[in-house]
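Subject: Structure handover

Hello,

Please find the structure below. My notes on it follow.

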Amino acid sequence: MVVDKKTPPPPPPPPSAPPRLSDPEHAKIVAQIASALKPHQIQIFYREVEAFKDSGLLPGILRIASRLNPEQLETVFHDHKIGGPLLILACAGSGKTTSLVFRIIFLILKGVPPTSIIALTFTVKAAEEMRSRVRRFMDELYKDVLPGADKGIMLAEIARMWMGTFHSVALKILKENITGQMNCELVGLRPAFDVTADNYKIIKAAFDSMMTGKKGLGFDEVVSKIEHVKNELLTVEAFKKKATRKEKKFADIYECYQQMLEQRRSIDFNDMLIYVVRLFKEHPEVLKHYQDRFGYVMVDEYQDTNYAQYTLCKLLIGERPEFFCVGDDDQSIYGWRGADVRNILFFEKDYPSATRVKLVRNYRSTATIIAAANEVFKKVKPKQLLKVIEPPKDGATGEPQWGEKIAVYHARDERDEIKFVAFEINRLRRLEPELKYGDFAVLYRTNSQNKMVKRFLDEEKIPCSVYDPRFWSRPEVKNIKEYLRVVNYYARFYAARKSPVAGDDDYDDDRPQTASRAVTPEILAQVNKSMKVVLTLPPSSLHRESYARVTHLMSPANILTDTETFENMKMRLGSETVDAKNLARFRALVDELSREQLFGEVMRGIVERSGLMFQLSQQSDLTRDEAAALKVYKDLVTEAEEFEKNTFAGSTSVPIYEKISLFLENIETKSRDSEQSAVKSREDAINIMTLHSAKGLEFDTVFFIGLEDNIMPLRHIEDKELDKKSLRKRRDEERRLFYVGITRAKKRLYLTFADERVWWGNKNVHYGISPFIKSIPKKFHVKGSYASGIFSALVRAIKSVLWWFSPS
């Protein structure tokens, strides 16, 4: 069954005859689509064809339907008034993003303004991909179906649609003004509050302050606990009320940490959700505004929501049925960060009128990989909760496309393991010259394994790229953020100067007070902080005395917006001095960038025309840090160009300051350590990343290494202190993580384990094969083979044969 409800609805009446259509070609397409549908799906499909048959948008509806399988069609055309909230249980590779994208497109075609839709994700990448696909389809539709319509306005509305991570949306809400006062002020925050990227440093300071000379708590434990209590929406006061005697030390550190944040006028990422939930609960008029504003609430990866995110969703949706959720309980791998898989398992308890639809047709992997994935939960999960993934089938014969068997390699140690990986990569590229290094991925359980993998692949002269989750926290990125804030401010100012105030007959293009009405106090406060950073960078690079004179101004931003202030400052610095000339270059550069229409050009201007990259690009003998900085600048230009292309399609109808603001919001989220998935390397290099980082990605060939007990599943030191229920919960998440790893592979999957390895500084550690490999029947395996010495190869072969013929 595809539709699965706790209380099944009465059986639907037989499907009615297809709607009468004047265009025989349309009638033919409708008949073809309906022929693959079940009775209740035909009813859903016919209902929408009937609704659109007299409009010029029917070809768009048919184009959507023709790109969907029956279950996807059922979700995209779901009527909340009839079926209530919708939960889609989407297996790995089953096209969940397709359902989300076409659902948004369908709503737009039904007349729902894009700005009435809010889509919540867990990664910026997922949000950007959805927005890009919505925009591309609508662009295509305007060309083919609505050639005379003005698409500019619609594409601009799609660019402004609230589609982002929970944290980026929370930040937007806090910075809006609904009641005449900033939302953040309603919950006690200053308008110019910062979201700190240094929370670990501040926690460490609080920890050292409160725990000097004391024992009983480790720093890592405190970091984890703070995140946990905030995900549970527990403020310091709330936690203190329920804290046990044992938890008193932690409560003191938590309180000290919050006080330090307040002293810095900062909050951390988890605070954003706490403040928004508090805002909605304490100010019902603000909550009602957002409920009215967002008629449709959509959530991706619902299985990864924690209590704070779950509560935010409940508040936003209220009693309405327009709630559209996608998730997979088999891919819930963020329990350590507060994610609660029960949110998806108990969805129908929260929303009794909900409909559940399963997407089980896999479009990514071979039938062999899918069959192995189906075995992972077969013996440990209740039958009613199992989802059996359907593998892809040959279009001509209808038979499953089995592909290659899964190669299992028994290595001597970690060096032998990676030598086998290198051997196979080279062998496959010789067999298939069209294969690129970027088509391969090496996945592992913990970050501590990446240095070893990179070192051994470097020895084999194979290019590789280790995903760096700290990229967005690098100092180069932080400097670019400050530059963008300055350009953003001036672009708003410049745009306001071009537009006279209504009823102002004496409007003068040079009057700064007109522009100042478009610049809020929090923007001004932020830009003054940013100016103090940017003035130390090219092209200004002010010397100490000049810097002190400029920043001593009450508002350094006036140098940009007020000609008199600028000229006076030049005189104070000495009109012909280097600093005065550089300040003039800086002002001219900001002015030029604020007039750009494409965000990619703004970023290129900051990186190249400012001089930030010039010195580095002229050197031939860069240090490792300098080479890394140069690469960061180049990657930022590429990121900006892709952002412009995917989000705005080069549209000039969206003001440049809106583009900059959205990009800055994305950076704030990406700089967070727990941003879930990575991105594939832009270079032609082997992708090296953890299992958590790989979620949401796919690769032709995957090498899943380190599959030994104690590593996969990972054993923690504190496991000894856990009860059986907690241990089982942790083990279940490790199993789901294994499932995520093997379902990243499209064509080939390699599973490797070693007799011994260096683990956390301990040499010659022997753990034995992971029990998760044993869960996959050996009929799906083939032995990986590779020789690095006759004797050792013989010993390893004997061990492998013994393991191979041992009972499963």
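At 11% relative accessibility, T366 counts as buried, because buried means under 20% relative accessible area, with exposed over 50% and partly exposed in between (1.4 Å probe, protein chains only). This is a predicted model, in which local features need pLDDT of at least 70 and side-chain atom pairs count only at pLDDT 80 or more, while totals for chains, interfaces and linings use all residues. Residues are numbered from 1 along each chain as its sequence is written, and side-chain values use heavy atoms, with hydrogens and water left out.

T366 sits in the loop between β8 (355–359) and α20 (367–376). Helices (H or I, at least four residues) and strands (E, at least two) are DSSP runs, numbered from the N terminus. Apart from its neighbours within four places in sequence, T366 is in contact (heavy atoms within 4.5 Å) with Q401, W402, G403, K746 and K747. Q401 is 35 residues from T366 along the chain, yet their C-alpha atoms are separated by 5.9 Å. A polar atom of the T366 side chain lies 3.5 Å from the backbone oxygen of W402.

**Helix α15**

Helix α15 covers residues 269–282. At 1.5 Å a residue, its 14 residues should span 20 Å, and its end C-alpha atoms are 21 Å apart, which agrees; the expected span is 1.5 Å times one less than the number of residues. Eleven of the 14 residues are buried, so α15 is largely enclosed by the rest of the structure. Among the buried residues are F269, M272, Y275 and F280. D268 caps the N-terminal end of α15, with a side-chain oxygen 3.2 Å from the backbone nitrogen of N270.

**The second largest pocket**

A pocket is an open set of points on a 1 Å grid over the protein atoms alone, where a 1.4 Å probe fits, with protein on both sides within 12 Å along at least five of seven lines; lining residues have an atom within 4 Å of a point. The second largest pocket is lined by 48 residues, of which L171, K175, R485, L664 and E665 lie nearest its centre. Elements that give two or more residues to this lining include α8 (151–160), α9 (166–174) and α33 (656–670). α23 gives the most, with eight residues.

**The chain overall**

The chain has 37 helices and 17 strands. Of its 808 residues, 54% count as buried. Among contacts between residues at least 6 apart in sequence, 76% join residues at least 24 apart.

Regards

Key
Polar contact = N/O pair within 3.5 Å; in protein donor to acceptor, adjacent residues only side chain to side chain.
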